[in-house]
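Okay, everyone, thanks for coming.

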Amino acid sequence: MTNFRIGEAAELLGISADTLRRWVDGGRLPAGRDEHGHRVIAGTDLAAFARDRAAEVEGLEGSSARNRLRGIVTAVVKDTVMAQVDIQAGPFRIVSLMSREAADELDLQVGSLAVAVIKSTTVVVERAAKT
């Protein structure tokens, strides 16, 4: 079983290590200790917690899309027909191309809060090396 140290788990959840420690101390997420006495979270527990947390945050109904990344708009480039909108969602940069009309209707501006909803038939999954 894969275990994650507090810092690793916090990075995966997109929160600070201090916040995760408070959640562990408050009983929201179970943690054990490794052979060095450091707190670790079992991968299965972290996955279940992340899944439950995502369900709380989503709060949207009526859509088949399940991949929602909440972030801040970092750039908006418009021409007469199209717009490019960049969103920073945690460590991830999402670039969306849309009509200028859609960008104007959504009033997307640098600093706006936005949710990138991703629906795709092709998703490449790679196993990341554990650091």
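**A walk through the model**

So, let's start with aspartate 107, which is in the loop between α4 (100-105) and β7 (113-118). When I say helix or strand, I mean DSSP runs numbered from the N terminus: H or I of at least four residues for helices, E of at least two for strands. Before I go on: this is a predicted model, where local features need pLDDT of at least 70, side-chain atom pairs count only at pLDDT 80 or more, and totals for chains, interfaces and linings use all residues. Residues are numbered from 1 along each chain as its sequence is written, and side-chain values use heavy atoms, with hydrogens and water left out.

Back to aspartate 107: its phi is near 50°, a positive value in a residue other than glycine. Most residues other than glycine have a negative phi. Aspartate 107 is also partly exposed, at a relative accessible area of 47%. The scale here is buried under 20%, exposed over 50%, partly exposed in between, with a 1.4 Å probe and protein chains only.

Tryptophan 23 lies in helix α2 and phenylalanine 49 in helix α3, so the pair ties together parts 26 residues apart in sequence. Both tryptophan 23 and phenylalanine 49 are buried.

Three strands form an open sheet in the order β1-β3-β2, with antiparallel pairing. Strands count as paired if DSSP finds at least two bridges between them. At the edges are β1 (3-5) and β2 (32-33), each pairing on one side only. β2 and β3 (residues 39-42) pair over two bridges, and arginine 33 has arginine 39 in β3 as its bridge partner.

Finally, leucine 46 touches Phe4, Ala9, Leu12, Leu13, Leu29 and Ile41, leaving out residues up to four places away in sequence. Touching means heavy atoms within 4.5 Å.
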